[in-house]
Amino acid sequence: MSREEELKSKYFDKNLSEEEKKELKELASKDKKTWDELKEMDNLKEVIDMLEPVNPDREWEEYWSSLYNKLERGIGWIIFSIGAILTLTFLGFQFIKNLIRDSQIALYAKCGFIALLIGFIILFVSVARERLTLMKSDKYSKEVKR
Amino acid sequence: MEDVLLIEKCKNGDMEAYELLVKKYMKKAYNVALFYTKNPTDAWDISQQGFVNAWKGMKRFDTRSPFFPWLYAIIKNEALSRYKREKKEEEKREEGLPLKTIISPEEYLEKEERIRTLKESLSKLDKEKKEIIYLRHYADMSYKEISEVLGLPEGTIMSRLYYARKALFKEYKKNEQGRRT
């Protein structure tokens, strides 16, 4: 980037020091094209400043309260999940224990129940692992990783 | 209060500190999300999800780095993941920038042509140029902040912005002449 380009950039940002203003004025006085370019910049800057990002369709005052609810719910879900995992593990363990001890249930039925349970656990772990791997190898997350 | 102090408090689970941090950056976060989604409802939602993810990952955050570039990366990531899920919206998202006029209706009538020309010209720029112009002029970010979020030196940002504006001038002039003829 040349010095002239740097000065023009600063001119566009209205960020020129007094010395830089003089320097740019001197450059522009030697070349009419530079003057015209500066005028065009003023013209474009005026239009750029007439626009702003579209406002949200909700009030800014609501932002924190609705975010707080999401955060609270997130914490709720974590606690719920931990509770659910512990309860299900306990119930599963009790179920298998009682199943094995129950002499009225036939051996093939016991094996069937246990195989069903083990199969379900394997499938669950496999799907969860696949989802996690997919999340980690997401090309979009790589794109912004710095 | 300084970001570093707020973040240290957040790491200890202080929600009041996080509220201050959120209120400081919510508009910038929304504007960043808006650039990627082009839709105010989605931008609100994605920027909030960005803050939720930032809160979850706060313990891992290195306080020697500035907060906003990290949040920016989270929001961009969230927006792109959603964009990837909703491939149907692809074409729509490639359109112009989500901007509205801030002038009076009388003034608008007078300057309508120029505003339309600018919007058209902006929509014709490539994504990189559009992004840098949007961050500087509409997300109200300084050169330093842009350099932090894009991970490039300030000099490079200045140069890229110069060429992006130059391309915009060119496009604007071309469209302006096209309208006159």
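**Confidence and contact**

Guide: Where pLDDT is low, the predicted coordinates should not be read in detail. Chain A as a whole averages a pLDDT of 86, with 92% of the residues scoring at least 70. This is a predicted model, in which local features need pLDDT of at least 70 and side-chain atom pairs count only at pLDDT 80 or more, while totals for chains, interfaces and linings use all residues. Residues are numbered from 1 along each chain as its sequence is written, and chains are lettered from A and ligands numbered from 1 in the order in which they are written.

Visitor: How many residues of chain B are in contact with chain A, and which element gives the largest share?

Guide: On chain B, 41 residues are in contact with 31 residues of chain A. The largest share of that side of chain B, eight residues, comes from α3(B), where helices (H or I, at least four residues) and strands (E, at least two) are DSSP runs numbered from the N terminus.

Visitor: In which sense do β1 of chain A and β1(B) pair?

Guide: Two strands pair if DSSP finds at least two bridges between them; here β1 (residues 51-53) of chain A and β1(B) do so in the antiparallel sense, over three bridges. B:L99, in β1(B), is the bridge partner of A:P53.

Methods. Two residues are in contact if their C-beta atoms, placed from the backbone, lie within 7 Å. pLDDT is the predictor's confidence in each residue, from 0 to 100.
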